[in-house]
Amino acid sequence: MIPGRFEYHQPDSLAAAVGLLSELGEDARVIAGGHSLIPMMKLRLAMPEHLVDLKAIDTLKHINVADGVVRIGAMTTQAELIGSAELQLAAPIVKETSLQIADPQIRYQGTIGGNVANGDPGNDMPALMQALDASFTLHGPGGARDVKARDFYEAAYFTARDDLEILTEVSFPTCTGGYAYEKQKRKIGDYATAAAAVLLTKAADGSCSHAAIALTNLADTPVFCDAASTHLMQSGVSADSIAHAVQSCISDIEPVEDNRGPAEFKKHAAAIILKRSLETAWSRA
Amino acid sequence: MSVEAKTMEERQAALKGLGSSRKRVEDARFTQGKGNYVDDIKMPDMLFGDFVRSQHAHARVLSIDTSAALALPGVVAVLTAKDLEPLGLHWMPTLAGDKQMVLADGKVLFQGQEVAFVIAEDRYIAADATDLVVVKYEELPVLVDPFKAELDDAPILREDIADATEGAHGPRRHPNHIFTWEQGEKESTEAILSSAPVVAEEMVYYHRTHPCPLETCGAVASMDKVNGKLTLWGTFQAPHVVRTVASLLSGIAEHNIRVVSPDIGGGFGNKVGVYPGYVCAIVASIVTGQPVKWVEDRMENLTSTAFARDYWMQGKIAATAEGKILGLWCHTTADHGAFDACADPTKYPAGFMNICTGSYDIPTAYLAVDGIYTNKAPGGVAYRCSFRVTEAAYFIERMIEVLAIRLNMDAAELRSINFIGKDQFPYHSALGWEYDSGDYHTAWNKALEAVDYKGLRAEQSAQVAKFKAGETRSLMGIGLCHFTEIVGAGPVKNCDILGMGMFDSCEIRIHPTGSAIARLGTISQGQGHATTFAQILATEIGIPADDITIEEGDTDTAPYGLGTYGSRSTPVAGAATAMAGRKIRAKAQMIAAYLLEVHDNDVEWEVDRFIVKGAPERFKTMKEIAFASYTQAIPGVEPGLEAVSYYDPPNMTYPFGAYICVMDIDVDTGVAGIRSFYALDDCGTRINPMIIEGQVHGGLTEALAIALGQEIAYDELGNVKTGSLMDFFIPTSWETPNYQTDFTETPSPHHPIGAKGVGESPNVGGVPAFSNAINDAFKPFGLTHTQMPHDHWRIWKTANELGLHD
């Protein structure tokens with residue numbers, strides 16, 4: 001658990017960071033909070049020759065809410081997400097999810113950008129971002145572009161981000177309807193056995209005007225359950241439609257056996273967790 | 001107010017002696033990050049070692065090419081078995097009478113086995129160089145299931161002793177068989193089993209786990225070529241034994257070896273044994289003439305240094321229809337891994353597994369243990385318990401539950417009618433032990449009353465009814481446990497490690513101004529020895545605990561002792577401390593009598609002084625006596641005030657306890673929540689109630705971990721599946737419930753202060769209580785027994801197999 005040799009860089013502007021990445025090429029990796037990358041380096045599964053640390057770039061640390069859009073700088077820590085009163089009003093599910101990531105010490109270091117950019121299927125934020133229909137802003141040598149969270153994840157650790165790009169910001173519409181993030185885990189600090197992010201908005205007539213469901217660690221990418229979300233919007237929320245939505249989601253997932261248990265158990269647990277998440281979200285809608 | 005004007009009670013309290021919840025003197029430095037651990041040691045020109053380890057569980061080593069590693073700048077040397085062979089150090093003896101490869105000699109026998117040792121100028125270069133050592137392997141069939149070890153097609157693991165029909169513990173019937181150890185009466189037990197009205201049977205598996213101390217194992221070796229002295233700092237639970245072993249192995253005279261255990265960050269049995277890293281660090285320092293540090297990382301600790309448990313215990317228990325137990329039969333298949341490196345007293349290859357009759361008056365019993373080699377890491381140490389006592393306690397406490405189901409009887413009642421009665425002590429068990437003292441009924445009744453046991457059972461029945469009616473998906477489990485430990489090894493006549501009798505020692509020097517230093521043969525790893533041993537002494541010699549320094553762990557200064565494990569420090573070294581204190585007091589009595597100008601027999605001890613009988617206003621305090629011993633010529637008495645005691649305990653001590661755990665289980669997800677845990681401990685005389693409470697909390701939390709998911713698991717190729725803390729369960733405050741602690745106090749009749757030891761009781765008793773709660777929850781649905789660890793998946797599987805998801 002001793003990492004290989006690397007050079008450490010701490011640029012103080014985004015332009016400098018992008019420039020360093022272009023100059024150093026594929027031998028360089030961006031580091032944010034380090035909670036995904038450093039363990040991989042200690043196992044020598046990742047052996048970057050250069051680490052480009054983003055922590056000195058002040059413009060990557062912010063939480064702004066304006067015109068119905070939430071913008072969060074990539075270097076904002078989970079502790080800062082939890083502590084933001086503004087964010088709690090604009091999208092309370094972010095705090096609920098953040099509180100289920102690891103432990104307080106890790107949340108002081110772990111960042112939203114690192115959590116979503118790494119493509120680790122165990123991370124909690126990617127499914128949340130898909131549920132929120134977030135966009136990720138990527139800065140590269142050719143300028144900036146936005147990619148939808150729902151289009152970002154290709155396979156475990158493979159994303160739409162180019163090696164020379166830095167994920168700088170996540171943005172999503174404010175979301176004040178019903179919400180829930182339910183997670184089953186073996187212990188604090190563990191990845192989910194199954195977790196579900198659910199957003200449900202109740203219209204004045206009692207119908208479901210908005211639904212979004214995404215699941216964590218049940219496939220090699222986060223799973224956005226489009227059909228189930230659409231079904232709830234079309235048929236409203238009832239015991240029957242929840243059962244139908246759960247069934248639909250479970251057919252979308254492909255969990256693999258690990259020390260948490262075999263796929264059969266994970267599918268069963270995922271169905272229970274999702275059902276509870278849907279019920280909680282609707283009760284808050 | 002002068003000392004003399006204080007009342008006797010005030011003087012007593014000022015000592016902070018026995019029974020005082022004195023704050024731990026160690027904590028000031030630990031809580032401020034000022035501890036001094038092995039990895040804190042830095043020396044000029046110090047080199048760093050790192051291992052090349054086998055990725056295969058069983059393979060022949062065809063070649064090892066070290067040239068690329070040696071070519072890396074900063075690499076000083078790379079050791080392989082070929083380099084150690086001329087020194088006779090490519091193999092080393094284990095504590096269990098077997099031998100173990102220091103570095104792979106022709107083959108590897110478990111994943112993570114040490115193959116080569118790289119020595120470099122810094123820790124990072126050493127790690128880089130391990131990747132450059134090229135080892136060619138020829139993979140061999142892997143044996144992970146001990147029940148397949150003696151099949152015709154089983155691979156032979158230990159070719160070095162394949163033909164040896166006799167091992168350290170008697171005949172071997174197969175190359176993969178280590179020993180068979182039998183205790184008790186086979187024939188009469190089997191006769192009872194065949195005639196008894198009721199017989200319950202079960203296979204009880206106590207899975208493989210690991211002590212996983214916060215600090216991993218490590219050492220710094222420094223060979224001073226000028227004066228020929230070797231100093232070895234290390235994470236040693238038994239530093240004196242390490243010195244003797246190091247001398248025997250290296251040929252360096254024992255007086256030229258100094259072994260130091262600095263602060264140790266938890267041991268739990270993991271730091272009793274001798275590991276290849278220690279040997280390689282010593283050899284590397286001798287070869288290079290420079291100090292060499294080796295500290296393993298977390299994954300190395302979990303996968304290569306000593307594991308614990310891995311006992312398959314087949315049990316049969318016979319009883320009358322009314323529930324009176326008539327006999328107990330147990331056959332254990334013990335998976336020892338690739339080398340037999342258990343740390344047990346020599347005559348006990350399965351430790352004290354023969355305490356498996358537990359707290360019960362069982363007239364006839366038989367135990368057989370078969371030790372088996374497999375392609376797994378060696379070990380089998382006592383993880384926060386006395387040798388194999390956790391396995392024994394888990395076995396009997398599960399068998400009692402299984403018998404209760406068979407009898408359709410309440411398990412609390414079944415225990416009660418079978419307890420050894422208070423008037424039966426000293427009690428001779430069917431498997432050969434003499435229990436020193438106990439009052440099980442009192443403890444048990446206190447526990448049942450404290451948790452409102454009848455109320456809990458009524459609530460549980462109501463919950464089952466609601467579950468069956470579809471009103472809840474949660475079940476309630478009540479986990480009972482009454483355990484009896486056997487600790488304080490042990491009497492030299494039957495307990496030794498590598499021939500060294502398991503006595504322990506204390507040496508006391510009283511300074512002229514009335515303070516003192518005491519040195520012991522034990523070594524604290526977090527137990528608080530510097531606090532509690534001073535308290536024993538304070539009560540014995542009347543010097544405040546705050547004025548007594550306790551020192552351990554440096555073999556150049558401390559008296560010889562067998563170290564700290566198996567809850568032996570208080571029963572053995574604590575006894576030595578009291579006995580040495582009494583020698584001090586005996587001499588002090590002569591000095592006091594002289595100073596008071598009376599006969600020796602005319603003075604008597606009172607808290608912190610000798611008084612003239614019948615004239616308490618005439619006295620000499622221990623402080624005054626100490627000063628006089630250095631300043632006055634006293635006829636017939638040597639100057640100074642010192643004493644040494646080497647204590648050979650006449651018997652083990654037998655702490656016991658009553659634990660009750662209540663759990664709520666989510667049948668659909670397999671998540672088990674601990675609602676409450678009541679722990680009553682009887683450890684005899686209580687030295688420091690606060691430290692006892694802390695020990696109980698810590699031990700229960702480790703028990704919780706083991707019962708609910710902590711395991712070292714292998715796949716069929718012998719790959720370790722749980723080699724990091726991502727998968728190996730260490731509970732945090734989040735997973736830990738509130739514990740309700742309680743006590744009774746039944747002193748040991750043979751211990752100088754009546755103390756029995758407590759640090760390991762909660763692990764011994766906790767695991768059955770947690771596991772019984774899980775089992776109990778599913779009992780109304782037809783479950784008799786389900787194996788640990790009870791992680792979410794396995795609990796879910798149990799529910800699934802009982803049809804509770806249909």
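How many Å separate the centres of domain 1 of chain A and domain 2 of chain A, taken over C-alpha atoms? The answer is 18 Å.

Before you click further, some ground rules: this is a predicted model, where local features need pLDDT of at least 70, side-chain atom pairs count only at pLDDT 80 or more, and totals for chains, interfaces and linings use all residues. Residues are numbered from 1 along each chain as its sequence is written, chains are lettered from A and ligands numbered from 1 in the order in which they are written, and side-chain values use heavy atoms, with hydrogens and water left out.

**Stop 1: inside chain A**

Colour chain A by domain: domain 1 is 7–53, domain 2 is 61–173 and domain 3 is 179–284. These bounds come from an automatic or database domain assignment.

Now select domain 1 and domain 2 of chain A. You'll find 13 residues of domain 1 in contact with 17 residues of domain 2 (contact means heavy atoms within 4.5 Å). The two domains bury about 1200 Å² between them, 69% of it on carbon and sulfur atoms; buried area is the accessible area (1.4 Å probe) that two parts lose on being put together, summed over both.

For polar contacts, the count here is one residue pair, both at pLDDT 80 or more. Such a contact is a pair of N or O atoms within 3.5 Å; within protein, one must be able to donate a hydrogen and the other to accept it, and residues adjacent in sequence count only if both atoms are side-chain atoms.

On the domain 1 side, α1 (14–24) and β2 (28–31) of chain A are the elements that give two or more residues. Helices (H or I, at least four residues) and strands (E, at least two) are DSSP runs, numbered from the N terminus. The largest share, five residues, comes from α1(A).

**Stop 2: across to chain B**

Select both chains. Here 25 residues of chain A are in contact with 29 residues of chain B, and the chains bury about 2300 Å² between them, 56% of it on carbon and sulfur atoms.

How many salt bridges does the rule find across this interface of chain A and chain B? Six. Zoom in on D128(B) and R44(A), which form a salt bridge with the closest N and O atoms 2.7 Å apart. Then pick helix α12 (residues 263–284) of chain A, which gives the most to the side of chain A that touches chain B, with six residues.

**Stop 3: inside chain B**

The domains of chain B are made of these ranges: domain 1 is 3–35 + 504–647, domain 2 is 38–140 + 216–264 + 271–304, and domain 3 is 307–489 + 652–801.

Select domain 1 and domain 2 of chain B. Their C-alpha centres lie 41 Å apart, and 21 residues of domain 1 are in contact with 19 residues of domain 2. About 1500 Å² is buried between them. Highlight Q525(B), T555(B) and Y560(B), which supply 38% of the area that domain 1 of chain B buries against domain 2, more than any other three residues.

Notes
Salt bridge = Lys/Arg side-chain N within 4 Å of Asp/Glu carboxyl O.
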